[in-house]
Each structure stands twice: as structure tokens, then as C-alpha cells.
Amino acid sequence: MSGKITVTSPLLPNLDEFYEMLKEIWNSKWITNNGDFHNQLERELASYLKVPYLSLFTNGTLPLITALQALRVTGEVITTPYSFVATTHSLWWNGIKPVFVDIDPHTCNIDPAKIEAAITSRTTAIMPVHCYGRPCDTKSIQDIADKYGLKVIYDAAHAFGVEINGKSILDEGDMSTLSFHATKVYNTIEGGALICHDEKTKQRIDYLKNFGFAGETTVVAPGINSKMDEIRAAYGLLNLRQVDAAIEARHNVAVKYREALSGIDGITFFDDIQGVRHNYSYFPIFVDAEKYGMSRDELYFKMREYNIYSRRYFYPLISTFSTYRGLESSSESNLPVATRIANQVICLPMHHALSDEDIQRTIEVIKL
């Protein structure tokens, strides 16, 4: 059997260059708490991503938890069941009730047309997800938020570097969060960021991620410890130099998949959106079992037999997990599109290190 083809592969910096930066850290003996590399990475990421204020975190979940704290969100938050569990877990950890609404089948993002009906007197915010890095309908969502006085926090874990007509989608809503997990387009091994619009809010975020300290003896809020260390910041600085090349390599993979799979009955996928700078974080396909002649799960396990490791992402829906199953909004009848999509989706191998042979092997198994 041929070698394993993984669904993702981490972007790794040059080891020699990383070693030189590690020597600087060792010489300085400053390994955390707003060191030089940490502060440099915050500045360079804000510039690269075209956002005004960015605060680094030690992973991608803590920015979600902190955003809710920083904006003093309570009660109920409207969100999507079609995401990674961290989206909804961040609400649970803040004592907030998630209210699920269905997704748009053409984008896999929250369907703005379903949001208003889910608003109650306890609703205080909307938490959409830019699923697979494809932009939400931010205008419609903001119009609803403005009408009802709601906050908007975007889970943009997949959306590193994504822009619409040259403007970062991370600048939408009240805040956006990023994940720099090893599986993402850009990674710091583990890490994340929280994006906001003004200096005062960034200061509050920075207090909250450092135990609430505003000085040596002053604690202004019940914060947590979620700071990024110098080692991961150095790693991130090196990866920032090569992320554009990695995105272009992913683009080339997407082009090859689309060319090869476009004629297969029962297999559909997303095309690029005009005016959007995509990052090609994932390549989901959707399997119509009746037309394709094989269910999604049958294809998924067949690929495993050929040593090709895809991912059913997102399956199952968050709303089906025990923590959330009892919510009224979790019913399958409330989420028919999300339920169908979750049972059809396979994310194919997608990363910068895929060879033409890897891509061809994957395509051939789908065509068999």
C-alpha cells in the first residue's frame, strides 16, 4: 500500500532559523509575559491581517471565552451547530445558553434569514462562524444586530488572511477570533488571537488574559492566564514569512481538485467567490448518495482503505452532543440543512505539502 496521505500537515519554519531565535530567547532568559518576540508578532500580524488591534493568546478557544467576557455578554447567544465544539463550549464556560439556527446550504455559514425568529428578550449577541474560511453574510448579520442592539463575535478560526475586495473580514462585527492551531493555514503550534477595533478594548482584553493585572499590585478583573510565550511567538514570526507561499500551494491543490471532480455526478464542492481572497484552509466535498452511488461514510472508509485520511468536518453537529442535546433549538427539525450537510461532507486532504501524486491518488479513489 502507498504511503499515508493526511488531511492536513503543519506549516513548519526553517529549523536553523528557529534555533537562532531560540538562542536569543535563552540569552535573554525572558520566555513569557510580553517579551520582544510576542510584541513583534502582535504588530506584524495586525499589519499582515489589516486589522487595527490584535491580542495574542495561547490557543484559539481562549479568545472566544475572553471576547464574551470583554463584551460582557450574558443570557442567550445565537450561533451555528455546524462548527467545531470550541465555538459553543466558549458560551457554556461563560454560563451562556447557545441558541442554534440553521445554516445556508450554499455557504455552510449561519443563515441570516433564520436569526430574527430565534431572538428573545434574553438574546445579547450573535456568534457566527466563517466556515471553511468562507465569509459570512456580514452585512445582513450586522443589520440584525443593529436592529436589536446585539453584539457580534465572529469565530474566524478558519479565516486567516481572508479578505473581501481588499478588506479583512476580521474587521467585521465587534470582535473576531483566530486559531493558530497546528492544523490551520498559519500556526504557532498552539495559539490564537482576538481582534478588536479600539485601544481601550484591547487593553481590557490584555488585562483579562493576564489574570486581570493592571499593575504589580492592581487587579481590575477576574482574568485568566492565556498569554502566548516567546517560543511560540518566535515560531509564528518565522511562519508568517512563508504563509503566502503556503496559501498559494493550497490554491493549486484546490484548482486540481476542482478540475478533476467537476464531472462526477453526486459530488459537489465550493468554487471561489469573486472579490474574495481565499486561504484554502479546507476542501470540503458533499456526497449525494443517490446520485453518486455510495454514501458519504462508505466513501470515507473506502479512502481509509487506500491510506487516504480525509475528515468528516463537521460531523456530528454540535447540537447532537450530550451537553447541548436537550436544548429546544437542537432539534433536528430546527436544523434540517445542517443535519443534511453534516451527513454529506468530507474534507479532502488539503495542505501545502501535498504532491501531485497525492492529489491524483485521492482523485482516483473518488472516481473509482
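Is the crossing in which H1 passes H7 left-handed or right-handed?

## Two helices that meet: H1 and H7

H1 passes H7 in a right-handed crossing, where right-handed means that the near helix is turned clockwise from the far one by less than a right angle, and left-handed that it is turned anticlockwise. This is a predicted model, in which local features need pLDDT of at least 70 and side-chain atom pairs count only at pLDDT 80 or more, while totals for chains, interfaces and linings use all residues. Residues are numbered from 1 along each chain as its sequence is written, and side-chain values use heavy atoms, with hydrogens and water left out.

Helix H1 (residues 15–28) packs against helix H7 (residues 230–240) at an angle of about 145°, and their axes are 10 Å apart. Helices (H or I, at least four residues) and strands (E, at least two) are DSSP runs numbered from the N terminus; axes are lines fitted to C-alpha atoms, for helices over the stretch in contact, and angles run from 0 to 180 degrees between N-to-C directions. Among the residues of H1 that meet H7 are Phe18, Leu22 and Trp26, and among those on the H7 side are Ile231, Ala234 and Leu238, contact being heavy atoms within 4.5 Å. By class, this contact of H1 with H7 has 10 nonpolar, no polar and 2 charged residues, where Ala, Val, Leu, Ile, Met, Phe, Trp, Tyr, Cys and Pro count as nonpolar, Asp, Glu, Lys and Arg as charged, and the others, Gly among them, as polar.

## A second pair: H8 and H12

Helix H8 (residues 243–261) and helix H12 (residues 356–367) pack at an angle of about 30°, with axes 10 Å apart. The two helices are therefore roughly parallel to each other, a term for angles under 35 degrees. Their crossing is right-handed. The contact of H8 with H12 has 7 nonpolar, 1 polar and 3 charged residues.

## The sheet

An open sheet of 7 strands has the order E1-E9-E8-E5-E4-E2-E3, with mixed pairing; two strands pair if DSSP finds at least two bridges between them. Strand E1 (53–57) and E3 are the edge strands, each pairing on one side only.

Within this sheet, strand E2 (residues 76–79) and strand E3 (residues 97–100) pair in the parallel sense over 4 bridges, and Val99 in E3 is the bridge partner of Ile78. Strand E5 (residues 151–155) pairs with strand E8 (residues 175–179), also in the parallel sense, over 3 bridges.

Note on methods
Angles under 35 degrees count as roughly parallel, over 145 as roughly antiparallel, 65 to 115 as roughly perpendicular and the rest as oblique.
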